[in-house]
Amino acid sequence: AAPLEFPTASAATQKITELLGGGDRARLARLFARRHYARWAAALLGPFLRDWLSALTQAEAAALFHRQLLRAPPRDALHALAAALRKMPDDAPPPPPPPRAAACAALLVQFVAERRLEALFGEWAAGAAADDAADADALVTLLCSMPERAANLLGRAPPAALGAAHYFGAACEQLLAALEAAPVQNGATLDVLASALLGRVATLGHFGSLVPLLVRGGEGGGAARWGRLLARLPDRAVEGALEAALRGAAARRVAPAVVCALFAPLLRASRTARFVASERLLLLRVLPSDALPLLVALLGAADGDGATLRKAATALADAWGAAAHVTHAPLAQQRYVSEATLAALDALPAAAATDLLPTLLTGVQQHLFSPAAPVRKLGMKVAQRVALLVDPTKPLEFDASSDDGDGDDAEGNDGGSERTVKNFKMAWPGNAMRRLVTCGFSN
């Protein structure tokens, strides 16, 4: 009997490629992908991956082997890669990583580079229901786990293309491209997936990697589209997204109008977002000083009549003037709240700013009587702004000796607070002082 002849690795993979991609056998290809692709991909990417690749030339590997992942249905291929990026019982403990680790990571990098995520999003939108949030969450979980799977199998940081800054940015950029190309009936479905992905990236602490993409969209005419997606962020992701966006926008000197165009829809739609912006970020966090004008502008754009900004400014003035804040808050926090107070006063209409005068004068008094020179300086800075509210034609100037304190008195006061208050009262003309006394600032 003639000996059995087995096809070579090249011939076998060529036949599978024809089966998956042949135009005249499209129905058979879909049937194979649905019923058998998972097992076929597992055989390719399993313990014998190195044997497969060693049996093929480099050109054959690119044309035949890689195409099994890069031309297959994208979600099935991504599931196959996820399964391959998992430790198996026969894997040696690191170091070194399993032989297939680098090959699987390289395939994932190529998967992203060839925009298979865009194909994945389009495929998902065509087959999912508009309210299928559970499946959207499952797909987002799979997507966001891939870099960590690669790092765990490699035993080190993944390739740069799988780092947070690149990977999540590429995923969101390809999602946006899928949104632009999707038929109208699929747009709402992709909005569900987009909000889930943006929310998960924010929850994982990587939303800062999306700021360049958001800024380009906001400056390039895509602010309305991004604003619609960001307005659907889940509550658990709002704080991380807003803080990262404000920090990133401040570092890039982004115009307040761009930040407002991107995130004002979120504040209008979400009570949680208004709470986060007006209390968590304005009172408790210590953002860069360049982020404060952006935050204040965003609060001003949260509604049509400025009520959100007025409410936030009132709470801010109350906090700044509280005795507990002056005596117990860390100096960095006091500086931040003082800068936020000044930014809010600059953004408020004159009438609304004047309504805060009694509270601010109480805070000035608290600060100027502090035994700590840095705290008194904060009081002087706000007092000068308050002076312009009382009488714009009479700016307040403090004597150079106001902050000098050489030696402590018996109560631990360096003596500077007494001179500061005295100089404060002497610096203003009588009509301004009468306004202050009327508001309760007298000693």
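A: Let's begin with a term: a helix here is a DSSP run of H or I with at least four residues, and helices are numbered from the N terminus. The model you are looking at is predicted. Our part is helix α12, which covers residues 211-219.

Start with the residues that α12 keeps inside. Val211, Leu213, Leu214, Val215, Gly217 and Gly218 are buried; the word applies to them because each has under 20% relative accessible area. As a rule, an α-helix has 3.6 residues a turn, so residues three or four places apart point the same way.

What do the buried residues of α12 pack against? Their partners are α10 (164-181), α13 (223-230), α14 (235-251) and α15 (256-269).

Now zoom in on Leu214, which is touched by Phe263. Besides Leu214, Phe263 touches Phe207, Leu230, Leu242, Ala245 and Leu298, leaving out residues up to four places away in sequence. Phe263 also stands out in the largest nonpolar core: among its 138 residues, Phe263, Leu45 and Phe207 touch the most other members. Helix α9 (residues 133-154) is the one that gives the most to this core, with 10 residues.

Gly221 follows α12, and its phi is positive, near 100°.

To recap, α12 has six names to remember as buried, from Val211 to Gly218, and the buried residues pack against α10, α13, α14 and α15.

Definitions and conventions. Residues numbered from 1 in each chain as written. Predicted model: local features only at pLDDT ≥ 70, side-chain atom pairs only at ≥ 80, totals over all residues. Heavy atoms only, no water. Core = buried A, V, L, I, M, F, W, Y, C linked by side-chain atoms within 4.5 Å. Buried < 20%, exposed > 50% of the residue type's maximum accessible area, 1.4 Å probe, protein only. Helix = DSSP H or I, 4+ residues; strand = E, 2+ residues; numbered from the N terminus. Contact = heavy atoms within 4.5 Å.
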